Amino acid sequence: MPINSKYIRPKIVAGDLNTPVTFFEFKPSDGPEPGDEEKETLYDCTALVYDPSIKDRDLLNGIGTKEAVTIKIRDPFTDYLPSNKHKAQLDDYRYKDKIWEIVDVAPDMENNDFVKIILGVTS
């Protein structure tokens, strides 16, 4: 490392990932009633939550979302592979009791250590 180089702080640091998020899917229950579903947790982590960009909003307009957020999580590699068949729940008072659909998943092009996930509420 050259002597004159300065430390450059990463754009996202651990303190920015401060919203707990749970990824899950619904599975049919073993109960006698048809339509009963059980929530199966797939992955828990913390995320950076922010408003979707203009480019993200273009994607969301096509599916008629009422509300949306974009999150960034550390890349879980093979521990969890986000899918648009999964759902998410954010543990934050502003998003209380909302079930989010995963609309899009993409690697973070600015930092390969993260994954960008667009979440939307459609109903």
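Author: The protein has an accessible surface of about 8,400 Å², and carbon and sulfur atoms contribute 50% of that area (Shrake-Rupley method, 1.4 Å probe; for residues, only the protein chains shown count as cover). The model is predicted, so local features need pLDDT of at least 70 and side-chain atom pairs count only at pLDDT 80 or more, while totals for chains, interfaces and linings use all residues. Residues are numbered from 1 along each chain as its sequence is written, and side-chain values use heavy atoms, without hydrogens and water.

The protein holds one helix and six strands, where helices (H or I, at least four residues) and strands (E, at least two) are DSSP runs numbered from the N terminus. Their order from the N terminus is β-β-α-β-β-β-β.

The six strands close into an antiparallel barrel in the order 1-2-3-6-5-4, two strands being paired if DSSP finds at least two bridges between them. From one strand to the next, the twist averages 45°; axes are lines fitted to C-alpha atoms, for helices over the stretch in contact, and angles run from 0 to 180 degrees between N-to-C directions.

Arg-74 is placed opposite Phe-114 of strand 6. Helix 1 (residues 54–61) lies across strand 3, strand 5 (100–107) and strand 6, at about 45° to strand 6.

Strand 1 (residues 19–28) includes Thr-19. Beyond its neighbours within four places in sequence, Thr-19 has contacts (heavy atoms within 4.5 Å) with residues including Cys-45, Val-49 and Leu-90.
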